[in-house]
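Trainee: I've got a two-chain model open and would like to talk it through. Can we go over it piece by piece?

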Amino acid sequence: MFNSGLIALRELKERIATRSFILMSIMGPLLILLITYLLFTYGGDGKQRWRVLIADPAGIMENKIMANEDNSVSYSFADDYLEMEEFRDGKRFQEFDALVEINEKVLSNKTVFVFYRDKPAVRMQTRIQFQIERRIEERMVDEFTDLTVPEFRKIKQPLNVAFRNANDPLDESSDKRGWVGFFFGAMIFTFIFLFGMTILRSVAHEKSNRIVEVLLASVNPRQLMLGKIMGIGVAAFIQFVIWCFVIGFGLYFMREFLFIDALDASKIDMVQMTKDVQEQTTFEQLFAAREYNEFVELIYERVQFSTMITHFLLFFIAGYFFYGALFAAIGATSGSENDGQQFVLPLIFLLCLALYAGYFTLLNPDSSTVDWLQYLPFTAPVVVMVKLAQGYAPGEGYQLYLSLIFLVISAIIMLFIAGRLYKNGILQFGHRIRLITIFKWLKKS
Amino acid sequence: MLEVKNISKSFYRKIALDDVSLHVNQGEIFGLLGPNGAGKTTLIRIINRIIEPDSGHVRLNGDLMTQKHLSQIGYLPEERGLYKSMTVQDHAIFLARLRGLSKADANRLLDQWLEKFNIGDWRKKRIEELSKGMAQKVQFICTVLHEPNLLILDEPLSGFDPINVELIKQELIEMRAKGKTIILSTHNMKSVEEICDRAALIHEAKKIAEGSISELQEERKAGIYAVKFRGNMIAFVNALWTGFEMIDKDILGDDRFEVRVKMRGDNSFEDLLKVLIGQVKIEAAWEVLPSMQDVFIDLVQGKKEVADVQ
């Protein structure tokens with residue numbers, strides 16, 4: 001074990017001294033923070049500012065629309081008919097991103113066509129729909145009721161329809177939280193793949209430069225393999241800790257200094273929102289704020305990071321040993337470095353399958369398929385992270401630990417099998433790898 | 001010191017070693033000889049416990065070899081590598097610690113070796129900055145740094161220039177004087193003659209000869225004698241008559257020669273001297289033993305001829 005420790009220490013020193021490790025430790029989390037920042041800032045909207053032309057020959061909207069101060073959409077009006085082709089090709093209409101066609105019958109048939117040049121993001125579609133709808137409402141209130149608009153707004157309260165799990169009625173946003181679990185699961189597999197490839201390359205490199213024979217005269221193949229997996233694993237762990245610190249600090253910084261108001265979920269009060277509903281400007285601001293805060297609230301309020309990170313680490317370690325042993329075995333059995341790369345393809349397929357299993361779990365959390373996917377060592381890390389984020393139903397918490405136990409046992413078995421392949425393959429050079437040879441090596445002690 | 005007993009090893013259908021036994025004494029340099037593919041590397045790997053034999057065993061100082069004995073062995077494989085990104089000191093200390101040396105001792109001994117080879121300024125250099133010859137020296141130091149009692153060197157002199165070959169040879173002789181045992185696997189027969197005490201030859205998975213260098217040469221001597229004389233060459237040839245055959249000659253001066261003569265029939269060295277005395281002035285005469293190169297070729301080809309006949 002001492003020798004495995006020495007091997008691990010050497011691997012660790014070599015990994016953390018490389019430029020790519022340092023770069024990935026800093027650039028990786030910064031990239032995630034940048035994506036988060038963009039999501040906070042633009043909420044997924046591709047275009048920052050939309051110019052919309054409303055063709056309203058009947059003057060139904062009276063050249064008015066809800067006041068909007070966020071500058072993300074600006075409206076112009078045309079009081080004449082405008083054909084879609086004319087809008088599309090006409091020089092003077094090129095400055096507009098979309099054409100809204102308000103026909104005379106809109107108050108009765110309640111249909112409005114929007115022609116766009118580049119498809120607007122869902123959020124922009126919602127925004128345009130929301131603003132036109134409010135204006136049409138006002139016109140309908142004038143036309144068909146004796147109410148004033150403020151009176152109408154008082155009556156028309158927004159209705160939230162919440163879909164809840166009957167077994168876990170307090171669970172408010174398991175879908176969105178599931179995505180966070182998926183993100184954690186995907187992180188596990190990203191780290192496993194990146195560092196698994198490092199194991200493979202390191203083993204293949206030691207084979208090709210023949211240092212392995214010197215090492216094997218001091219340590220047995222299993223010690224060598226275990227040391228290598230441990231050393232590279234610790235490097236992966238260090239990188240993960242750096243990611244956690246940088247991302248954690250970045251999120252804190254954003255919350256405290258960049259998005260003080262927008263990121264404060266507590267400032268969104270649904271009761272207050274309905275009170276302010278008469279004032280269109282406030283309503284508009286709240287509309288935007290609510291959109292932002294679904295994501296913000298998810299990040300800052302809903303995700304139990306301590307639980308997620310603890311289980312992330314447990315499943316990462318077990319999953320890493322499971323897959324790491326496979327990568328090491330491939331490196332040891334390959335005749336050349338290129339050979340090894342080819343045999344990685346089935347592993348990549350397995351990793352993709354695991355990610356798909358996570359996505360499947362996200363969409364069908366209560367499916368019976370998920371029940372066994374969470375126990376398969378290949379898919380368990382991501383499936384369990386999604387399930388954990390969504391929340392286990394009462395009485396099903398044992399599944400989490402059963403998955404972990406299965407994964408640990410599988411990792412031990414895999415280390416044993418890989419050790420056998422490693423032992424028999426590590427001193428074979430320049431051969432063509434064949435399945436039959438692998439079976440022979442597996443049978444040999 | 002080291003006893004290899006009835007070792008057999010096969011890789012699927014190919015027999016790599018067939019019932020090989022040999023004995024290496026404490027404080028000797030033992031040559032492990034054989035053509036390419038004979039099974040030498042397999043035997044060395046078995047001794048180092050890198051691979052396990054199908055049958056047979058290895059004993060070190062009377063004990064069955066186990067993992068704990070490995071710290072007493074220094075192994076320099078033929079195809080050796082280094083971690084190119086590591087510095088000389090990190091590399092040497094890493095390997096020494098794997099062999100059970102403490103970090104402080106490894107540092108101290110590394111200083112001594114670097115000083116001895118006059119390469120102290122390489123300590124902090126990365127391996128990738130070294131030339132092939134320089135890297136070979138570092139590999140040698142890594143092999144001996146933990147002061148092993150048994151050194152197993154597979155082609156240790158390949159890649160060195162003549163000056164460094166001499167340096168390494170002297171180092172091996174010095175180690176032998178200190179009681180270390182050295183197994184030297186090489187194709188360089190001149191080195192075997194110069195520094196080995198005993199040798200074994202492996203051919204086609206079997207050991208076909210083992211003994212001291214002089215014994216191996218004696219067994220294959222062909223009754224050839226060298227005579228250095230002053231006088232007339234025609235008189236010398238006439239004196240030989242039909243009992244002897246001159247097979248080679250060197251002209252040393254106007255009337256000085258060195259001639260190699262092969263005995264015919266039952267004629268002996270004394271008979272040769274008798275016929276020559278009075279005909280030429282003999283300055284020296286001695287029996288010519290075959291070189292290890294000749295012994296090697298004779299053993300390997302002789303074995304092949306036997307196989308062909310069968």
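Trainee: In which sense do strand β9 and β10 of chain B pair?

Mentor: Keep in mind that this is a predicted model. One pair of residues to look at is B:Ile202, which stands opposite B:Lys207 in β10(B). Strand β9(B), residues 198-203, and β10(B) are joined over six bridges, and the sense is antiparallel.

Trainee: Which are the edge strands of that sheet?

Mentor: Start from the order, β6-β7-β8-β3-β9-β10 in chain B, an open sheet of six strands with mixed pairing. From one strand to the next, the twist averages 15 degrees. An edge strand pairs on one side only, and that picks out β6 (73-76) and β10 (206-212) of chain B.

Trainee: Over to chain A. Why does the end-to-end distance of helix α16 agree with its length?

Mentor: Helix α16(A) covers residues 398-425, which is 28 residues. At 1.5 Å a residue they should span 40 Å, so the match is with the distance between the end C-alpha atoms, 40 Å.

Trainee: Which helices do the buried residues of α16(A) pack against?

Mentor: The buried residues of α16(A) include A:Ser403, A:Leu407, A:Ser410, A:Ala411 and A:Leu415. An α-helix has 3.6 residues a turn, so residues three or four places apart point the same way. In chain A, the packing partners are α9 (221-258), α12 (305-333), α15 (380-390) and α17 (435-443).

Trainee: What is the handedness of the crossing of α9(A) and α12(A)?

Mentor: Their axes come within 10 Å and cross at roughly 145 degrees. Among the residues that meet there are A:Met225 and A:Ile229 from α9(A), with A:Phe321 and A:Ala325 from α12(A). By class, that contact has nine nonpolar, two polar and one charged residues. The crossing is right-handed.

Trainee: Last one: how many nonpolar residues are on the side of chain A that touches chain B?

Mentor: The contact takes 15 residues from chain A and 18 from chain B. In chain A, α1 (2-16) and α8 (211-216) each supply at least two residues of that side. Four polar and four charged residues are there too, and the nonpolar count is seven.

Conventions: Residues numbered from 1 in each chain as written. Chains lettered and ligands numbered in written order. Predicted model: local features only at pLDDT ≥ 70, side-chain atom pairs only at ≥ 80, totals over all residues. Contact = placed C-beta atoms within 7 Å. Helix = DSSP H or I, 4+ residues; strand = E, 2+ residues; numbered from the N terminus. Nonpolar A, V, L, I, M, F, W, Y, C, P; charged D, E, K, R; others polar. Expected span 1.5 Å × (residues − 1). Buried ≥ 20, exposed ≤ 12 C-beta atoms within 10 Å, placed from the backbone. Axes fitted to C-alpha atoms, helices over the stretch in contact; angles between N-to-C directions. Left-handed = near helix turned anticlockwise from the far one by under 90°. Pairing = 2+ DSSP bridges.
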